[in-house]
Amino acid sequence: MNTAEKYADERLMRSHFHPREAAWNVRDAWASWNGYKFAECYYDAEYEYFCVRNSCATYDICPMQKYYVQGRDAEAMLNRMVTRDISKLPLDRVTYVVWCTDQGRMVDDGTIFKLADDRFMLTCGSPCGAWLKMSAFGFSDVTVTDMSDHIAALSLQGPTSCAVLKKMGLHGIDSAKPFDIRHFPFHGDTLMVSRTGFTGDLGYELWVNPELALQMWDELYAAGADYNIQPFGEEATNMARLEAGFIMPGMEFNEALKTIHFEHDQTPFELNLGWLVDFNKPHFNGRNALLKEKERGPKYTLTRLDIEGNKPAEHSYLYSNKRCTREIGYVTSAMWSPAVKANIALAMVKTDCLEGEIWAEIYYEKELRQYNKAARCSVMKKPFWAPARARATPPPDY
Amino acid sequence: MVMKKYDAIIIGAGHNGLTNAAYLAKAGLDVVVVEKNDYIGGASTSREMHEGWVYSSASYVCSMLRQAIHRDLNLTKHGLILVPYLGTVNFGDDGSTLVDYPNEEAAYLELKRHSPHDADAMHRFQADLARYAQFIRKTLLRTPPDPTSLRPRDIRELMFLGKQFWALGEKEMYEYVRFFTMSAADFLEDYFENGLVKAAMSSAGIIGTALGVFSPGSAYILLHHVMGDVDGNIGAWGLARGGMGAISNAIAGAMQEHGGELRTNAGVSQVLVKNGKASGVVLESGEELYSGIVVSNLDAKRTFTKIMDRKDLPPGIFEKAEQFKIRGSSGKVNIALSALPKFKGLPDNRYIDRGGQGFTGSLETMERAYDCWKRGRWSDDPFVESVIPSAWDPTVAPPGKHWMSNFIQYCPPTLADGPWTPGERDRFGQAVVDKIERYSPGFKDLIVHMEVRTPHELEQEIGLTEGNIFQGELTIDQLLFNRPFPGYAQYRMPVKNLYMCGSSTHPGGGVSAACGANAAREILMDLKRPNTVPEDDFYDE
Ligand SMILES: Cc1cc2nc3c(=O)[nH]c(=O)nc-3n(C[C@H](O)[C@H](O)[C@H](O)COP(=O)(O)OP(=O)(O)OC[C@H]3O[C@@H](n4cnc5c(N)ncnc54)[C@H](O)[C@@H]3O)c2cc1C
């Protein structure tokens, strides 16, 4: 009997790049993301992370959710949904956005691609079709299409990524500025490339018809062979994004629509994303609540911490005193940063305690025995990792 | 005109001299580093020797660099990225290969293919080494105590050492003492049975050392090479993006940020001593620079026999310096390649290319190479430790082209039948290439350019006496409170206001930045300035 058949409905879907990824996945280390089989790592998470920082590496974003929002009212609808003003977004540009409930609590973050005056692509980490449908209510000319399974997308990140795309024949890609979109003819179809990513480094995202996915992979990997190209999985992504200071659902924020307990979700102000909230534009979802939040000031503020010692402050509580008796917050993500050589963390800290001392109570294990210690934290104003090449146009070749 | 007087002059822009200057500058001192070469970094340098190729001319891998210093001086901001490299493949005489895979399970299975016994024994070996390393690691960013002194600080430091030592447990304390005097081969005999496994593990015991795998003392050298770490992985080695010069350049950047001055093409011919105190230097150009303090980054022998007047030294010091054990034993061959070489007996596994290569052979082969050194010759079958940094570092060779670093053990400081000549040097280089060719047929055809360094070149270029890569051998008589000489292990030299900060001092050779930092701490203490040098941070705390 064919057991594969028997459990077919329970099995994970395979990404458009799966055949190549499976060959690269020496460790058979698979996790999942939005129903797709998704690599935790391929060879060694730290090695992959270093490819992102030193050469280049690819990250499969097929499982990321992608929606086309189209029609004469598409812009107005999105502008009412997200907190940022997208009415001034130029054609072929991408912008980072968040959207909130009426209470101003964050539903999700994502990016909006302006592909035509009446056509946008919204991408985000978790499915949000139902929310989009609700948000379209009252607009006559707007359709939302879930493209998630119909676009193959691959993120290419790292210092040699531009050199690789040039070698692949994408002429002029080096003139693309951060958040620019370019279109290239590709085997009778179009390859869309945006200068975007989730690593804080130089990088691009490639969007293509799934039928051409493997062809694109092969051409990219052929071009990248001399540039140490390597796929990277979830673990390496998490390291890179934390160094860049990017937030993750389930880590820094709890998606509002999935939150049970009162205010266990977050506002953009709490997440230090106040700059994404534009009160000068017409009404948008959550505006009144957010205005109040802005005036009152957020209870907590997402903060970058540099922590003494080298034990990652995972799941640590934060205190205003070394004896760890006055609690003032909690760590959301933490790691030893191999690039920066610092013990870094993102944390939610009570806003009125930001100026004072911050101590993390760190727990760690050594040969089955538990230890804990208090470590002094300092607030970092800037991202831990922000190399000049990530902003330079044209970018350097390495 | 009143001559400018610096607070401190540091002679030599090796990474330790730069570190020393950075910490003095950070404390607010007005410092200048004077370097004889037109480039900086000494043995930790990157140089474009062929267009498009950047060689780490001398040192090539990093694991001892004190992380606390990296972090404290913010070397990342100054351009330094350290990347662990994947495990090394060792080639046996009989064509067998042993790959040290980065994945624990894979490494175990590979060992098991050679010897199930050794695969199991490896766990005990690694635990023992880690325990020994833990102890010695704790001494790196500390000034060795003077065991004969009754000053509170010396007593405190002695007690610190004692406490760490006691923490090992009684059995291990005995083992530890044995360890310092054992040979690498004897030490490994306790654990392993397979010849290639033993050879592979022993090679760290001879690097940079005028000892063989069977010579007493080589076990400690082995430890010296595994006590470092990359991001807490003890024993792991990393590469600096852009080559080892990236380390020196980043330290120089931090030093300059704190207001320190750097002068290249400024070799020192003489340390000025006035009324028994160091007061400045005379440059080779004849220019004189004055300062309250003089710090030498040169090795101990060079400092006291080459740039000091014997009359300025207390009796006996010149002789001590003359007798300082600093025999050169290593060569370096840097090769530009038109493609990635392929090695016999290995699967087509791209990750193996991204690790190192040990042309190890066997314990016997390594010993025969040592025999040649003793007779003032190089071996036709030397131990070669290689790595191809360009396999992942896009900055050191053009795309698709490669740079291979080859470290050779052994290479004598002078030849039996006379000094090194360019012809002999090239013949030595050829012997190395011939050896690699045996393991990688077609290798020779890939060679685009080659830089061959014997101890002679190392001495001429970097000023390492006899070409000893550690600025003095790492044997027990020259370690800890004996380094460089008993009684002078605390960075203060026999002439007042003169200090030493190079690898001739504790904790010895290697790109650790510890010597320079420790010396800065002592200088600041003497000046009654607040200390700027951080404490070490430990993963094993
Ligand atoms: C071939 C080779 C390979 C090695 N491999 C490794 C390795 O892979 N990993 C590792 O950790 N370590 C390695 N080492 C050891 C390590 O590189 C050295 O121990 C370390 O770099 C020494 O640093 P330093 O600052 O103490 O001294 P040096 O680097 O020796 O610096 C001394 C400086 O003083 C300058 N100088 C000399 N004379 C004068 C003068 N009269 N006036 C002015 N300036 C002068 C020199 O030019 C030089 O810049 C290697 C060394 C060599 C030679």
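## Interface of chains A and B

In this predicted model, chain A and chain B bury about 2800 Å² between them, 51% of it on carbon and sulfur atoms; buried area is the accessible area (1.4 Å probe) that two parts lose on being put together, summed over both. A:Tyr43, A:Asn54 and A:Lys341 supply 23% of the area that chain A buries against chain B, more than any other three residues. In terms of contact (heavy atoms within 4.5 Å), 36 residues of chain A touch 30 residues of chain B.

The rule finds 2 salt bridges across the interface, a salt bridge being a side-chain nitrogen of Lys or Arg within 4 Å of a carboxyl oxygen of Asp or Glu. The side chains of A:Asp306 and B:Arg71 form a salt bridge at 3.3 Å, N to O.

On chain A, the elements α3 (45-54), β13 (229-231), β14 (300-307), β17 (342-350) and β18 (358-366) each supply at least two residues of the side that touches chain B. Of that side, α3(A) gives the most, with 5 residues. Helices (H or I, at least four residues) and strands (E, at least two) are DSSP runs, numbered from the N terminus.

## A covered helix in chain B

Helix α9 (residues 218-226) of chain B has 9 of its 9 residues buried, that is, under 20% relative accessible area (1.4 Å probe, protein chains only). Among them are B:Tyr220, B:Leu222 and B:His224. The buried residues of α9(B) pack against α4 (116-137), α6 (170-181), α7 (184-189), α8 (195-202) and β9 (233-234) of chain B.

## Basis

Residues are numbered from 1 along each chain as its sequence is written, and chains are lettered from A in the order in which they are written. Local features need pLDDT of at least 70, side-chain atom pairs count only at pLDDT 80 or more, and totals for chains, interfaces and linings use all residues, while side-chain values use heavy atoms, with hydrogens and water left out.

Key. Buried < 20%, exposed > 50% of the residue type's maximum accessible area, 1.4 Å probe, protein only.
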